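These are my notebook entries on one protein model.

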Amino acid sequence: MRKPRLLTSLVLLTVVLCAFVSLAHAQVDKLDAQKKGAAAIAKMTLRVRAIKVSPEPKAVRIAWRRGGEGLGGSVTRGDFALKNAAEPDIDKKIEAGKQLDISVGAWSDWLPLETVVGRPGGWQFPTLVVLASPTGDPKKPAPAVTSTVVEFEFVESGKVFKSFRESAPRGCTVRFAFPGGALGEKGSASPGFVDQFQGLADYARARRERVEKLFPASGPVPKKFAVIGHLGGYGDAAQNKGRGFGIRHNNPEILLDECRTLRRLGVNGLVDTIRLADAVGQGDAFRRMYWGGPGSGSPVYSVRGGKTVETCPFDPELGPRMAARVSDAIKDYRAVNACESWALWWDEIGVAAKDHILTCPRCQNAFREYLRVQGIRLDDLAKARWDQVTPYPIWKPADPKAKGSPTVDPATLSAPDALRYYYTFRFMTHATAQLFPASSKQLKEAGIPLYAMQGPTPSWEGHSLDWHEFYDGGPNSAFVFETSNRDPRVWQWESYLGDIGRSIAARHGMPMGALIKPHRGAPEQRMLTLVARGAGTFEWYTYGPDYAKGDSFSQRLDLLERVDRAGQFLGKAEDWLYGARWAGPAEVAFVSPRSSEIWGKATDLGVTAFEDAKWVYSALTHAHVPVDILSEQQLAAGKLGQYKVLYIVGPNLRRDAAVRVQEWVRTGGTLWTDALGLSRDEANQPATALADLLGLGKRKLESWGSVPAYHATALLPLKETAVPAHASLSWKSGGVWGTGDARGAVGREALTPKDGDVLAKFADGKPAVVRRKVGKGEVVVVGLWAGLTYSAKVRRAEFEMRTDFDQAVRALIVAPALARRAYRPVVPAEPLVEAVLLKNDRRRSIALINWGYRHDRTLQTVKDLRVALPGAGDVKSVQSLAHGPLKAAQPQELAFGVRR
Ligand SMILES: [Zn+2]
């Protein structure tokens, strides 16, 4: 008999607690510092001089700028002037350039420091450029400066408090680091202020030394996983005169320090900037994977008459133009010659056309063709001829503010028009996906997967672009999305996005990757949950560095430490994790129907059902039930044999999918849905096929509130007014259903079953949960927004995730999966600790991921966690990657403590 070895990777349960505390306080400190720093900086001035300039000119001009160019906001710029600024009309002379020419070695006049660094807040990194003064002779332009050293002197109330030199050995650009956050009312005596105030070279070196000091004996770094990072800001005289957009310095020493820091963090690949690493002989350390173009924007734009214009996604000129861009990109990838290369086309992808399709004859033709391929007949649309069929006007093109918002009134819409509305919405995704298959093929033949970078829209309020339909159109050969959510309560939705991605990647045989943003929270958990879902590639988005690119984490020592730890964990675990698959197939499938999402946007329901669905998924993961996420298209394709239970959460379901679901239930499947669930079809008409199955009378929703859409930032409380007494329900069914009571969130559907078992009743005696046998299978309808009810308490300001999810409400969701004994191999005693059983050839492991947070953003550490292993088969020994060998408390159960 095989003796499998079980690895429990527990590192992520010991997330550094103080890191989150300091993050929570950072905002308050920042505002405070800004006020106090504003008074202090008013007393500060600076002057500069170029002390070495090559080739040596008679005089130089020294310009400064800050912000913009990838750092957010716009660029602020100015010049240093010759000393003697007190003379009359100095402003006019500066304007005329006469006072800007400064001899090499001579000091400039004093400038208020605030002019150059702005209002003190966080870090500010102003850039200085030294140029040879104009000769006045157009035939003899001033030579480009190829190296320089600039000396800075900073004065507070007449007294020098800081001076340093910054050199540009390969050009004319230097930069310094101003620690605005550390400047308090004590001015230059503010703790840490002067120490951190330095030239960019010292700043980058100090960062590298701090990271090296944190882990003097760093563990193994990932070699199999591709860990992508970012370099930036360097330019040199040979390539670009050492100045210009985005060039922050010309010092190879800085680049070398940044490369060493990145290597230290486990980074082994780069986005775009591999040539910078090559410039300092570090390129080979970053050739595990290279991410480059063809482009970060939509290919639909073209330049005509000097203006960028949006063109038609079906424009025949696009094909050749895109092919040429792909050819160029392939040349670039060949020149880089990394072990693996992935090509990006369209960062944070949207749809290629909206109201354009209403007026474009080509798009109208493409729309008709799309309908025909979907099997739509003229009868369905109540039209006599195809040329009468046009996209439904779902946008208000005349009103720019309302652009993109639906104009449909479902109450007055005929069924044929409603169908056209639905397909017009879907057509946006089709029009976008059809742009890319040729490019994807061209790149694939060169061995390069193509990806579009997806925003985490299924965890927000949905999107015009549907992930499932997009990838079904064959546009990409790799699946990549970014993690962005800032609220600790929804960090766990990384697993939701990962499960959607896992399903899409498996369906189309694509590798999966992700951008993980450490500064948005839970980097270790996010990494592990995605790796446990098959991602072999991710970018720590983004190292920046902070002086070159915004939205970065490289200025945060606490995050550098956590990224380093996560990298070491991955390096140690990659024999188990790289290429690992789920040990067994899921027997529960989950669907948040696209048709429900589309009609939600058009009706009073808004995001209610869409938000509800996400929390139904969460309840299943809190019960440790592995779930496959399917699309309606997959339901319609009918391959449901592996599943015992199907959760379809939404009022609308496509008719072709409904037919298959009905067959599947009759042959033994269990179907679960909740309020208004499956009551309507894709044209928002009452569903017929499923009405028989569900056995309910007229479906009617009673509402007493709404749910705010979740989008990236804070999870908001439900809005409820005049909650009726009959919102409450109770049940005493026992078994997997348990006994309990609850209060339905924002609304209810009092069920009207013609037969079946009533498992729970509302306070007014009306049925709340109904189970009904159909053929060999059964259906369960919960007359609540079950997911919203489950999430109601955790939406409070003082949330505690470990206690705020009601076990009784969870039972109403997961009972059918438990009753059917669906695959559930590993069951931690703690709902907020996710467990994923993996196998990699003969190596088996469990990823344990703690998503439980408190309102102050601290992780709720679990002590003495017990883990049951009902589906892990024979287990002879267990070891934790963090804690070494573990003893099983009894056969098939682990218990172990967690170090803080
Ligand atoms: Zn068009």
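Is Arg 61 buried, partly exposed or exposed? I found that Arg 61 has a relative accessible area of 25% and is partly exposed. The terms are defined by relative accessible area: buried is under 20%, exposed is over 50%, and partly exposed lies in between (1.4 Å probe, protein chains only).

Entry 1, basis. I note that the model is predicted, that local features need pLDDT of at least 70, that side-chain atom pairs count only at pLDDT 80 or more, and that totals for chains, interfaces and linings use all residues. Residues are numbered from 1 along each chain as its sequence is written, and side-chain values use heavy atoms, with hydrogens and water left out.

I took a salt bridge to be a side-chain nitrogen of Lys or Arg within 4 Å of a carboxyl oxygen of Asp or Glu. My search of the whole structure gave 54 of them.

I returned to Arg 61 and saw that it forms a salt bridge with Asp 101, with the closest N and O atoms 2.6 Å apart. This pair links distant parts of the chain, 40 residues apart: Asp 101 lies in the loop between α2 (90-96) and β5 (102-103), and Arg 61 in strand β3 (residues 59-66). Asp 101, at 25% relative accessibility, is also partly exposed. Helices (H or I, at least four residues) and strands (E, at least two) are DSSP runs, numbered from the N terminus.

Next I looked up Asp 257 and Arg 208, whose side chains form a salt bridge at 2.8 Å, N to O. Asp 257 sits in helix α7 (residues 252-264) and Arg 208 in helix α5 (residues 200-214), 49 residues apart. I recorded Asp 257 as buried, at 6%, and Arg 208 as buried, at 10%.

I also found a network of salt bridges that links Asp 499, Arg 502, Arg 533, Asp 628 and Glu 834.

Four strands form it in the order β6-β2-β9-β10, with antiparallel pairing. Two strands pair if DSSP finds at least two bridges between them; β9 (residues 147-156) and β10 have nine.

Which residue of β10 stands opposite Glu 151? I found Arg 165 there. Glu 151 also forms a salt bridge with Arg 49, at 3.1 Å between the closest N and O atoms. Arg 49 is in strand β2 (residues 44-54) and Glu 151 in strand β9, 102 residues apart. Glu 151 has a relative accessible area of 13%, so I counted it as buried.

Entry 4, strand β15. Six of the seven residues of β15 (residues 289-295) are buried. Three bridges join it to β14 (residues 269-271) in parallel, and four bridges pair it, also in parallel, with β18 (residues 341-345).

Donors are N, O and S atoms within 2.8 Å of the metal (3.2 Å for Na, K and Ca); water is not among the atoms, so sites may look incomplete. I listed Cys 312 (SG), His 356 (NE2), Cys 360 (SG) and Cys 363 (SG) as coordinating the zinc ion, at 2.2 to 2.3 Å. Their spacing along the chain is C-x43-H-x3-C-x2-C. I recorded Cys 360 as buried, at 9% relative accessibility, and Cys 363 as buried, at 0%.
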